[in-house]
Amino acid sequence: MLGKYKNATEYAQRRGLSGAVGKRFGIGYCPDSYGVLANHLRSLGYTSAEMKEGFLCGEGKNGKLFDYYRGRLIFPIIDPAGNVVAFGGRALGDEKPKYLNTNDTPAFKKGRNLFALNYAKNSKEDYFILCEGYTDVIALHAAGFTSAVAGLGTAFTQEQAAMLKKYKSKVVICYDGDEAGRKATNRAIPILTAASLEVRALSLPVGVDPDEFIQKYGKEHSADKNQGATLQFTCLKRLFLDCKNAVSIPTALPILHRIPKTEKLFISPKGLH
C-alpha cells in the first residue's frame with residue numbers, strides 16, 4: 001500500500017518504518033482523499049452507521065462520509081490474541097493532532113489496550129519497556145528491544161498495568177525526555193507498583209524521544225563508544241539518580257540487571273531498595 005504513495009513511502013523510509021519492520025507492524029497509509037476508505041468499506045457491505053461507530057469515518061454537514069485518517073500513516077492496534085481492534089494515524093507533516101487514535105468503540109477501549117503487546121508479551125526479556133508513541137516502540141523492536149509497548153494516547157491506567165503484570169514482573173519506563181515525559185513517568189510509577197510490578201525509569205536527553213535516540217545512536221552504540229549519554233533512574237522521592245557507569249540508553253536496557261545494586265535505585269511494590 002505504501003509503495004503507491006511517494007510521500008508516505010519516503011516518510012516511512014526516513015523514519016525506519018518500511019521494509020520488514022513495516023510488514024511486521026502492518027503499517028499502511030490512508031490516501032489524502034475524503035472518501036477512499038468510506039467507498040471501499042461501502043463496497044464490502046458496511047453501513048454508514050458501522051463506519052462511524054468504528055471511528056473510521058465521520059459525517060460532514062452535507063451528509064457525506066469522510067475518512068478520519070486521510071493523509072496519515074496507519075498503525076494497526078492489535079490485541080494480545082492477534083485481533084486488529086483499532087488504528088492510530090500519524091501525520092506526515094506538522095498537521096495537528098500529530099497522532100489520531102480510534103476513540104472507544106464496542107470492540108476497543110484505549111485504557112485497556114497497549115500497542116505491540118501482542119509481540120512484546122512473547123519477548124524473552126523479563127521486563128517490558130513502556131514508551132509513549134508507536135514509532136518509539138517500533139524503533140526499539142527494530143533495534144532488538146522486543147519487549148517495548150506503548151499506551152494509546154491517554155494517561156496510563158490500572159487496567160494497562162494489570163495487562164503488563166499478566167505477562168512479566170518488571171517494567172522500564174522510557175518516556176520522552178521533556179517535562180511532560182517526566183511528569184507522565186511520575187504518574188505511571190505508583191500505578192505500576194500498585195499492580196505489584198517492579199519499576200525502573202530511564203531518562204532520555206531533554207527534547208528527545210526513544211525513536212530519535214535510536215535513530216541517532218543505534219543499538220551498536222556500546223558503553224565503550226559512549227558519547228556522553230548517561231543512564232539515569234527516576235522515582236517519586238528523587239527525580240534523577242545518575243549511575244556511575246555511563247552507558248548509552250539502547251545498550252543499557254539489556255544489561256540493567258548487571259548493574260551493582262549499590263549503583264541503582266530500584267522501585268518495587270515493597271518500596272525503594
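Four strands line up as an open sheet in the order β1-β4-β5-β6, with antiparallel pairing. Strands here are DSSP runs of E with at least two residues, helices are runs of H or I with at least four, and both are numbered from the N terminus; two strands pair if DSSP finds at least two bridges between them. The edges belong to β1 (28–30) and β6 (99–101), each of which pairs on one side only. From one strand to the next, the twist averages 35°. The model is a predicted one, so to speak of local features takes a pLDDT of at least 70 and side-chain atom pairs count only at pLDDT 80 or more, while totals for chains, interfaces and linings use all residues. Residues are numbered from 1 along each chain as its sequence is written, and side-chain values use heavy atoms, leaving out hydrogens and water.

Now for the β5 end of things. Strand β5 (residues 84–91) is joined to β6 by 3 bridges, and the two run antiparallel. R90 stands opposite Y99 in β6. Helix α6 (residues 134–142) lies across β4 (72–78), β5 and β6, at about 75° to β4. That angle is taken between N-to-C directions, on a scale from 0 to 180 degrees, using lines fitted to C-alpha atoms (for helices, over the stretch in contact).

Zooming out, the chain has 10 helices and 14 strands. Of its 273 residues, 51% count as buried, that is, under 20% relative accessible area with a 1.4 Å probe, protein chains only. Among contacts (heavy atoms within 4.5 Å) with a separation of 6 or more, 62% come from residues 24 or more positions apart.

What about the gaps? On a 1 Å grid over the protein atoms alone, a cavity is a set of points where a 1.4 Å probe fits but cannot get out, whereas a pocket is an open set with protein on both sides within 12 Å along at least five of seven lines; lining residues have an atom within 4 Å of a point. There are 3 cavities of 30 Å³ or more.

The top contributor is β5, with 4 residues.

Definitions and conventions
Buried means under 20% relative accessible area, exposed over 50%, partly exposed in between (1.4 Å probe, protein chains only). Grid points are joined across faces, edges and corners, and a volume is the space filled by probe spheres set on the points.
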